[in-house]
Amino acid sequence: SSEGIYNSLGVLVKGLLEVLQKQHDHEAPLVLGGKQLMHTEFFKTLVAFCCDLGLDRCITQRSSDLQKWSWFVKYCTAARVANALDKRTVFPSPFLQEVNDRVQTV
């Protein structure tokens, strides 16, 4: 049934986000502290996969989690902007909104 599929997808998304946050919590202090020069390939691949799935859009719908996930939302926006530049397509609307907001404050 479709309800079972939605439940399974919800479990998968929740699990991916939990793994992503745990890996970020583990690696961020190491990179920021200089013990690791870069994030691991596993983490970079996991971030790209979650971004390609659009999981940042799930996070932005829950405003209580936005602060904790701001790094991921910014990554996804930057990845989509880079993709738009590469493919010469329209920039993502969150990026355009942020640019407009900053221009308004100047």
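**View 1. Gly54 after helix α2.** Gly54, which follows α2, has a positive phi, near 80°. Helices here are DSSP runs of H or I with at least four residues, and strands are runs of E with at least two, numbered from the N terminus. The model is predicted, so local features need pLDDT of at least 70 and side-chain atom pairs count only at pLDDT 80 or more, while totals for chains, interfaces and linings use all residues. Residues are numbered from 1 along each chain as its sequence is written, and side-chain values use heavy atoms, with hydrogens and water left out.

**View 2. Helix α2, residues 41-52.** The 12 residues of α2 reach 16 Å from first to last C-alpha, close to the 16 Å expected at 1.5 Å a residue (the expected span is 1.5 Å times one less than the number of residues). Phe43, Leu46, Val47, Cys50 and Cys51 of α2 are buried. Because these buried residues fall within an arc of 130° seen down the axis of α2, they line one face of the helix; the arc is that of the directions from the helix axis to the C-beta atoms. Glu41 and Asp52, on the other side of α2, are exposed. Buried means under 20% relative accessible area, exposed over 50%, and partly exposed in between, with a 1.4 Å probe and protein chains only.

**View 3. Salt bridge between Glu41 and Lys44.** The side chains of Glu41 and Lys44 meet at 3.0 Å, N to O. A salt bridge is a side-chain nitrogen of Lys or Arg within 4 Å of a carboxyl oxygen of Asp or Glu, and the whole structure has 3 of them. Both residues lie in α2, 3 residues apart, about one turn of the helix. Glu41 is exposed at 56% relative accessible area, and Lys44 is partly exposed at 30%.

**View 4. Salt bridge between Arg80 and Asp56.** The closest N and O atoms of Arg80 and Asp56 are 2.8 Å apart. This pair links distant parts of the chain, with Arg80 in helix α4 (residues 70-87) and Asp56 in helix α3 (residues 55-60), 24 residues apart. Asp56 is buried, at 5% relative accessible area, whereas Arg80 is partly exposed, at 21%.

**View 5. Salt bridge between Glu98 and Arg102.** In this pair, the closest N and O atoms are 3.3 Å apart. Glu98 and Arg102 are 4 residues apart in helix α5 (residues 93-105), so about one helical turn separates them. Glu98 is partly exposed, with a relative accessible area of 39%, and Arg102 is exposed, at 55%.
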